[in-house]
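Have a look at the fold before reading on.

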Amino acid sequence: MNLADYLRRLFAYDEWANREVLSAIRAAGGANERSLELMAHILSAERLWLERLKQQPPGSPVWPKSDLEQCEAQAAELVRLWRDYLDLITAGDVHQSVSYKNSKGKAWTSTIEDILTHVVMHSAYHRGQIASHMRASGQTPAYTDFIHGVRQGLVK
């Protein structure tokens with residue numbers, strides 16, 4: 001498997017894990033404010049990084065206020081946008097650098113590979129926070145471990 005295919009696999013995992021978390025939030029009643037805040041941040045950050053990769057201006061705040069339906073719609077749209085982007089890259093492309101400004105206005109340059117890896121890890125980090133918060137609130141969080149998704153055939 002080449003690096004571009006591996007990154008596509010990681011994004012397939014990210015897509016599955018986001019859906020699982022949204023389903024768990026819905027099953028818990030959908031009104032868990034902190035979980036929704038974190039999920040909206042995950043999705044907004046994923047969009048922001050895609051915009052940076054495409055050299056587009058940011059289209060939404062890093063910490064938006066979104067309800068469950070908005071998060072579900074955003075997640076569905078991001079699946080398509082990321083797949084379209086990832087279909088364009090080749091193993092050689094991921095080593096190219098992209099210049100961008102962070103949310104504080106500081107200029108940075110990173111490789112596409114590092115950005116894509118960051119997106120998946122950042123999302124997993126915050127999904128872990130959601131699981132912790134849900135568990136502390138007496139709710140059942142989604143089981144989104146990568147290896148679980150692979151073992152179940154949910155991530156190929």
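## α3 against α4

Start with helix α3 (residues 68–88) and α4: their axes come within 13 Å and cross at roughly 155°. An angle over 145 degrees counts as roughly antiparallel, so α3 is roughly antiparallel to α4. The crossing that α3 makes with α4 is left-handed.

Who does the touching here? On the α3 side they are W82, Y85 and L86, and on the α4 side I112, L116 and V119. Sorted by class, that gives six nonpolar residues, no polar ones and no charged ones. Keep in mind that this is a predicted model.

## α2 against α4

Next up is helix α2 (residues 33–53), which packs on α4 at an angle of about 175°, the two axes being 9 Å apart. That angle makes α2 roughly antiparallel to α4. What kinds of residues make up the contact of α2 with α4? The tally is twelve nonpolar, eight polar and three charged.

## A look at α1 itself

Now for helix α1, which covers residues 3–27.

At the start, a side-chain oxygen of N2 reaches to within 3.1 Å of the backbone nitrogen of A4. Following α1 comes G29, and its phi is positive, near 110°.

## α1 against α4

How do α1 and helix α4 (residues 112–136) cross? Their axes come within 10 Å, at an angle of roughly 20°. Angles under 35 degrees count as roughly parallel, so that is what α1 is to α4. The crossing of α1 past α4 is left-handed.

From α1, the residues that meet α4 include L3, L7, L10, F11, D14, A17, N18 and V21. Among their partners in α4 are L116, V120, S123, A124, R127 and I130. By class, the residues of the contact of α1 with α4 split into 15 nonpolar, three polar and three charged.

An α-helix has 3.6 residues a turn, so residues three or four places apart point the same way.

How values were computed:
Residues are numbered from 1 along each chain as its sequence is written. This is a predicted model: local features need pLDDT of at least 70, side-chain atom pairs count only at pLDDT 80 or more; totals for chains, interfaces and linings use all residues. Side-chain values use heavy atoms; hydrogens and water are left out. Helices (H or I, at least four residues) and strands (E, at least two) are DSSP runs, numbered from the N terminus. The expected span of a helix is 1.5 Å times one less than its number of residues. A polar contact is a pair of N or O atoms within 3.5 Å; within protein, one must be able to donate a hydrogen and the other to accept it, and residues adjacent in sequence count only if both atoms are side-chain atoms. Axes are lines fitted to C-alpha atoms, for helices over the stretch in contact, and angles run from 0 to 180 degrees between N-to-C directions. Angles under 35 degrees count as roughly parallel, over 145 as roughly antiparallel, 65 to 115 as roughly perpendicular and the rest as oblique. A crossing is left-handed if the near helix is turned anticlockwise from the far one by less than a right angle, and right-handed if clockwise. Contact means heavy atoms within 4.5 Å. Ala, Val, Leu, Ile, Met, Phe, Trp, Tyr, Cys and Pro count as nonpolar, Asp, Glu, Lys and Arg as charged, and the others, Gly among them, as polar.
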